[in-house]
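Have the sequence and the 3D view open as you read.

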Amino acid sequence: MTTYILLTRLSPEAVASPARIKELEQEIKQKVKQNCPQVKWLADYAVLGPCDYLDIFEAPDEATASKVATIIRSFGHATTETWTAIPWSRFRDMAIGIK
C-alpha cells in the first residue's frame with residue numbers, strides 16, 4: 001500500500017453551520033468506506049494555513065487515492081490536493097543507491 005496525504009480546503013458555505021462539520025465527516029467517511037473498502041485511514045488533522053484539513057491514508061494505488069479525493073469533492077464543499085508520501089527510510093535508501 002502507498003501512503004497519501006490529502007489536503008482539503010472547505011468552502012465558506014460548508015462551515016456556515018459548525019455543527020454540520022460532524023455530519024459531513026460521517027457522510028464522507030461512510031461513502032469512502034463503501035466505495036474504497038481497501039483504504040486505511042492513518043490520521044486526520046485540522047491545520048492552520050491555506051488548507052483546513054490534512055488526512056493521511058493508505059491506498060493500493062493512485063486510482064483509489066484519486067477516488068477518495070473525488071468523493072470528498074463530490075459533496076460540493078471542498079477542493080483537494082493529493083500527494084504521495086514515501087517513508088523517509090525508503091527514500092533515504094533509494095537516495096544512497098544513486099551513483
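## Salt bridges at a glance

Searching the whole structure turns up 3 salt bridges, each defined as a side-chain nitrogen of Lys or Arg within 4 Å of a carboxyl oxygen of Asp or Glu. This is a predicted model, in which local features need pLDDT of at least 70 and side-chain atom pairs count only at pLDDT 80 or more, while totals for chains, interfaces and linings use all residues. Residues are numbered from 1 along each chain as its sequence is written, and side-chain values use heavy atoms, with hydrogens and water left out.

## The pairs and their partners

Let's begin with E25, which pairs with K29 at 3.8 Å between the closest N and O atoms. Both sit in helix α1 (residues 18-35), 4 residues apart, or about one turn of the helix. Helices here are DSSP runs of H or I with at least four residues, and strands are runs of E with at least two, numbered from the N terminus. As a general point, an α-helix has 3.6 residues a turn, so residues three or four places apart point the same way. E25 is partly exposed, with a relative accessible area of 36% (buried means under 20%, exposed over 50%, partly exposed in between, using a 1.4 Å probe and protein chains only).

K29, partly exposed at 31%, also bridges to D44, with the closest N and O atoms 3.3 Å apart. K29 lies in α1 and D44 in strand β2 (residues 40-46), so this pair ties together parts that are 15 residues apart in sequence. D44 is partly exposed too, at 40%. Elsewhere, D93 and R92 meet through their side chains at 3.5 Å, N to O. Shared partners join E25, K29 and D44 into one network.

Helix α2 (residues 62-74) has 13 residues and spans 18 Å from first C-alpha to last, close to the 18 Å expected (1.5 Å times one less than its number of residues). Which residues of α2 are buried? They are T64, A65, V68, A69, I71 and I72. These cover an arc of only 155° around the axis, which puts them on the same side of α2; the arc is taken from the directions from the helix axis to the C-beta atoms. On the other side, E62 and A63 are exposed.

The cover over the buried residues of α2 includes β1 (2-10), α1, β2, β3 (53-59) and β4 (78-85), where contact means heavy atoms within 4.5 Å. After α2 comes G76, with a positive phi near 75°.
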